[in-house]
Amino acid sequence: MTNAARKLPPLSGPFAASPSPEGPRPSRAVSDFVHAQVGALLASSPAYYELPADKQSGMRKDLEKIAAYTAALVQDEWASSKKLDQTPMLRTASALAQKQPAADEFSPRAAGQVAGITRETLNAIAFPTFVADLLKGTFQAIVNASIQQMEAYGALLANVAKTVDQYMVDNISDNNARDYLVSAYPSHFQIETSGEGARVGVRDGADEREKPDFKAAFGLNEEVALDDDAVEKTLVPAARRRLAQNRHSMLSTMVLMGINRIVVTSGRINAKMGFRIDAHDRAAAQSASQFDFKHTTNVSAGGGISSFFGGPSIDSTTSVAYVSSSKKDSSDDLNVQADLTGEVDLKFKSDYFPMERFANPQMMALIQGHTPNPAANTPNTAGPQTQREAQHQQQ
């Protein structure tokens, strides 16, 4: 029992009531005391005044009820101790502080940073901006693809609507013609790069008697000799025009057959974000104390004063040592995980470019005339569904 416990006075006055045989019951004095203490506690709390009037009244009644019965239990315990001639021991806050680590020594650093890190992470991810960019990028890609398809089809129509000579000037060069000649007649011609530029030369060993029929192959009016100058002056221009004519005819047929295009019919855009943050704070405190009691007695006999009085000399020493130690460890960790997923699912179909929207009847007739068999190459102006219906009707 400490000195503070010895100085505590027993319960007196209205608080010295005998225990009730029916169990602890708050007395009038206890209820009044609790009412005053709870009122002072709530009056010092700003958050209490933010509550509605009915919430304030309910909170006050609940706190007074709990505190009154707690005080009645303490009062009953002290009264029972008095009957047993016992004095309760009161352990003060200073004594508890020596036994346990102080509460403010443990700082939950990881948990305290959760709100700030969460806010900074979400601001850095900018999920609404990500969703907006996903929508805008998908829509822009569809629009750009449609524009590129129409531009390519328009450029194709413009090329096939030209005459062969116009197409040749814009798309076929002399070097294209030289490559065409060498690839078509590799045993007779070769590319020579000496001099001012590339030119077609007659290969060594080429026999004039075994030369191909260039007149029929290129639609010439007369035969061409196997001579370097004749090849450059006659065969290269003729090969250039024949190459342009073949490509122009092929493109014209392709346009009249109908050029496929990709049409997006429906789609789905899905954006998801997963966020998880784990905070762990750990603290451990250990304390130990030990009493060291030591007693030493020395007895001596001999001359001097002790001999004069007729007895030995006794020297006794008693020492008490108190040793206290404490150990405190703390650790914290914070894990943040964010998953950002964007998914675009587009459904499309194959369709035809409606030729009548890009070319007038005169242009379509001109393109038809450029094909190898104009009578069999009528312009395809119907879409896939219309074509299937027409075939079904013919059957």
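Which residues does Asn159 touch, not counting residues up to four places away in sequence? I looked, and the list is Tyr167, Asn171 and His248, where contact means heavy atoms within 4.5 Å.

**Ground rules**

I noted that this is a predicted model, in which local features need pLDDT of at least 70 and side-chain atom pairs count only at pLDDT 80 or more, while totals for chains, interfaces and linings use all residues. Residues are numbered from 1 along each chain as its sequence is written, and side-chain values use heavy atoms, with hydrogens and water left out.

I placed Asn159 in helix 7; helices (H or I, at least four residues) and strands (E, at least two) are DSSP runs, numbered from the N terminus. Asn159 counts as buried because its relative accessibility is 19%. For the cut-offs, buried means under 20% relative accessible area, exposed over 50%, and partly exposed in between (1.4 Å probe, protein chains only). I also checked Asn159 against Ile367: they are 208 residues apart along the chain, with 9.7 Å between their C-alpha atoms.

Next I turned to Gln166, which sits in helix 8 (residues 164–171). With 43% relative accessibility, Gln166 counts as partly exposed.

**Entry: helix 2 against helix 3**

Two packed helices are described by the angle between their axes and the distance between the axes. For helix 2 (residues 28–43) and helix 3 (residues 53–83) I read an angle of about 135 degrees and axes 9 Å apart. That makes helix 2 oblique to helix 3. Axes here are lines fitted to C-alpha atoms, for helices over the stretch in contact, and angles run from 0 to 180 degrees between N-to-C directions. Under 35 degrees counts as roughly parallel, over 145 as roughly antiparallel, 65 to 115 as roughly perpendicular and the rest as oblique.

I then listed who meets whom: helix 2 brings Val30, Val34, His35, Val38, Gly39 and Leu42, and helix 3 brings Met59, Arg60, Leu63, Glu64, Ala67, Ala68, Ala71 and Gln75. The residues of this contact divide into nine nonpolar, three polar and two charged.

**Entry: Tyr48**

Tyr48 is in the loop between helix 2 and helix 3. At 9% relative accessibility, I logged Tyr48 as buried. Tyr48 and Arg60 are twelve residues apart in sequence and 9.9 Å apart in space, C-alpha to C-alpha.

**Entry: two positive phi values**

Most residues other than glycine have a negative phi, and most peptide bonds are trans. I found Ala126 with a positive phi near 55 degrees. Ala126 belongs to the loop between helix 6 (114–125) and helix 7 (127–160), and Ala126 counts as partly exposed at 25% relative accessibility.

My other case is Gly195, with a positive phi near 95 degrees, in the hairpin of strand 1 and strand 2, which has six residues between the strands. Strand 1 (residues 189–192) and strand 2 (residues 199–202) pair in the antiparallel sense over four bridges; pairing requires that DSSP finds at least two bridges between two strands. I noted Phe189 bridged to Val202, and Gln190 opposite Gly201.

**Entry: whole chain**

I counted 14 helices and four strands in the chain. Of its 395 residues, 21% are buried. Among contacts with a separation of 6 or more, 74% come from residues 24 or more positions apart.

How values were computed: Ala, Val, Leu, Ile, Met, Phe, Trp, Tyr, Cys and Pro count as nonpolar, Asp, Glu, Lys and Arg as charged, and the others, Gly among them, as polar.
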